[in-house]
Amino acid sequence: MGMEVAFAGRSNSGKSSAINTLTNRTRLAFVSKTPGRTQLINFFRLGEEGDQRYLVDLPGYGYAAVPEKIRLHWRGVLSTYLQTRSSLRGLVLIMDIRRPLTDLDRQMLEWFKYTGNPVHVLLTKSDKLNRQQAMATLRAVEKELAVIYPGATAQLFSTPKHQGMEEAERVIAKWFEP
Ligand code: GDP
């Protein structure tokens, strides 16, 4: 049976950049697109053909210009996926470090909580803050996560600075272990 790790985050949070960086490093194969109304769910296979491990790129949320009807459609897709997908092993939640834990991020955690599956937060664009500010934000997010999603972990991540790649890969690889 297939195993999946999903990536979710607000639009413009840096989700595509994070997935691209991680997939380029590990030479993931792009597998399929599921056509939606305005956005796609993309599946990336880890490893060689026949490998049953996938990274799943969920549609970005929170983009103000999306019409209400489409927003509700994707809300349904996301909540159903997060709550019922049996092959899902964990959720990587992407947040711009300058705007962490928005209401919609909290909504994702709320839906996912009942699965008992692990969550790892990437605080992207950490290069936008100085080291001290970035660490303070990381600690604040960890503290909040301990309350709203016990066991969830978080880290700093920067695509241009190549910060946090190994750490993210380690967490994801562990979730795929049998
Ligand atoms: P998505 O909508 O969540 O998929 O976000 P994108 O990956 O398309 O990134 C949105 C914008 O943020 C783009 O202009 C990226 O170049 C920029 N970006 C993404 N990650 C980083 C990062 O780690 N550091 C900086 N400085 N910019 C980033």
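**Reading a predicted model**

Biologist: In which element is Asp 57 found?

Modeller: Asp 57 is found in strand 4, which covers residues 53–57. Helices (H or I, at least four residues) and strands (E, at least two) are DSSP runs numbered from the N terminus. Residues are numbered from 1 along each chain as its sequence is written. The model is predicted, with local features needing pLDDT of at least 70 and side-chain atom pairs counting only at pLDDT 80 or more, whereas totals for chains, interfaces and linings use all residues.

Biologist: Is Asp 57 buried or exposed?

Modeller: A residue is buried if 20 or more other C-beta atoms, placed from the backbone, lie within 10 Å of its own, exposed if 12 or fewer, and partly exposed in between. Asp 57 has 23 C-beta neighbours inside 10 Å and therefore counts as buried.

Biologist: Which residues does Asp 57 touch, setting aside those up to four places away in sequence?

Modeller: A contact requires the C-beta atoms of two residues, placed from the backbone, to lie within 7 Å. On that basis Asp 57 touches Phe 7, Ile 19, Ile 41 and Asn 42. The C-alpha atom of Asp 57 is also 6.4 Å from that of Phe 43, a residue 14 places away along the chain.

Biologist: How is the chain as a whole described?

Modeller: The chain has 5 helices and 7 strands, and along the sequence they follow the pattern β-α-β-β-β-α-β-α-β-α-β-α. The C-alpha atoms fill a box of roughly 45 × 40 × 30 Å along the principal axes. Of the 178 residues, 31% are buried. Among contacts between residues at least 6 apart in sequence, 69% join residues at least 24 apart.

Biologist: Which contacts does Val 5 make beyond its neighbours within four places in sequence?

Modeller: Val 5 lies in strand 1 and is in contact with Leu 55, Arg 89, Gly 90, Val 92, Ile 172, Trp 175 and Phe 176. Val 5 counts as buried because 24 C-beta neighbours lie inside 10 Å. Lys 143, 138 residues away in sequence, is 24 Å from Val 5, C-alpha to C-alpha.

Biologist: How do helix 2 and helix 3 cross?

Modeller: Axes are lines fitted to C-alpha atoms, for helices over the stretch in contact, and angles between N-to-C directions run from 0 to 180 degrees. The axes of helix 2 and helix 3 come within 8 Å and cross at roughly 40°. That makes helix 2 oblique to helix 3, since angles under 35 degrees are roughly parallel, over 145 roughly antiparallel, 65 to 115 roughly perpendicular, and the rest oblique. At this crossing, Ser 79, Leu 82 and Gln 83 of helix 2 meet Met 108, Trp 111 and Phe 112 of helix 3.

Biologist: Which residues other than glycine have a positive phi?

Modeller: Two examples may be set side by side. Lys 125 has a positive phi of about 60° although it is not a glycine, and Lys 125 is found in the loop between strand 6 and helix 4 (131–148). His 162, also not a glycine, has a positive phi near 50°, and its place is the loop between strand 7 (153–156) and helix 5.

Biologist: Is Ala 173 buried, exposed or partly exposed?

Modeller: Ala 173, in helix 5 (residues 165–176), has 13 C-beta neighbours inside 10 Å and so counts as partly exposed.
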